[in-house]
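This report describes one protein structure, shown below.

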Amino acid sequence: MSSSEWDSDVDSDTELQRAFAEGRLKPGLHKLKPEAPARKNINNVAGLQQKLKDIQQDLDWEERLDVTLDGADRIHEDEVDDDFKLEMKFYHQAQAAVLCAIPKLKELGIQTKRPPDFFAEMAKPDHHMKKIREKLMEKKVGMERSEQAKKLREAKKYGKKVQQEVALKRQQEKKELGEAVKKFRKGKANNLDDILEGTNKKTQPNKKRQQKNRKFGFGGQKKRSKRNTKQSLDNPWKMSAKPGSSKPGQGKSKHKPNRPGKARRNQNKNRGKK
């Protein structure tokens, strides 16, 4: 390789490195591509006005219903790429246009609300609506059948559960009856009629328990049951009288008379000595 060829290769590599650093190279390209000329923005005001005159019609405002707003709510350049802000701008512009157009329509005597007897023909034909109605009826019937089948399944489950409970109850009664018969055979039970009537019948307490119940009662407060009360202190004869008696002193009384004082006892002793 000659020195001139070597210098040309070095120069081409240097140019490529410089172009790569400047961002003029793209993936897959090995040589520089001439840049396209910049597109000029054309603002043909005269042509636009001429086109507006061609399409413009001399109609009344109620036929056009165009509303022009001021530039207070104009879209800025930084909001062009934000879809959410654009939607909000369109919404606010439409709202402001409605607030501006409604008073004009009322001044011209044009109704802005639908009357109650307004009849509007449907956009879809009758045969299409008939198909929709049939589909809705099929869906409704299917849901009713599904609900009915669900209720039947629940009823079967409940009936099966009740049947199992009855069977378990019968087995328990049979088992208790067999145990009662065994006790009767061994001599532990004396009354066979009670066994045949039902083993779940509550048995009576033994004689010892019955005697204690008669003596001590069946529970309740036992303490302080014999304490004096205001009524017993005011009328002691009523507490000591027998049932049915109306005079004091009748019947055996447990109330003892009060003992006289020491002076009274000494006076009684001296009276006997005289």
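## Helix α4

In α4, the buried residues are Leu-86, Lys-89, Ala-101 and Leu-105; buried means under 20% relative accessible area, exposed over 50%, and partly exposed in between (1.4 Å probe, protein chains only). The buried residues of this helix pack against α3 (61–64). Helices are DSSP runs of H or I with at least four residues, numbered from the N terminus.

The model is predicted: local features need pLDDT of at least 70, side-chain atom pairs count only at pLDDT 80 or more, and totals for chains, interfaces and linings use all residues. Residues are numbered from 1 along each chain as its sequence is written, and side-chain values use heavy atoms, with hydrogens and water left out.

## Length and ends of α4

Helix α4 covers residues 83–107, and at 1.5 Å a residue its 25 residues should span 36 Å. The expected span is 1.5 Å times one less than the number of residues. The end C-alpha atoms lie 37 Å apart, which agrees.

At the start of α4, a side-chain oxygen of Asp-82 comes to within 3.3 Å of the backbone nitrogen of Phe-84. Just after the helix, Gly-109 has a positive phi of about 75°.

## Salt bridge

The count comes to one salt bridge, defined as a side-chain nitrogen of Lys or Arg within 4 Å of a carboxyl oxygen of Asp or Glu. The side chains of Arg-64 and Asp-66 form this pair, at 2.7 Å from N to O. Arg-64 counts as partly exposed because its relative accessibility is 38%. Asp-66 is also partly exposed, at 38%.

Notes: Helix = DSSP H or I, 4+ residues; strand = E, 2+ residues; numbered from the N terminus. Contact = heavy atoms within 4.5 Å. Polar contact = N/O pair within 3.5 Å; in protein donor to acceptor, adjacent residues only side chain to side chain.
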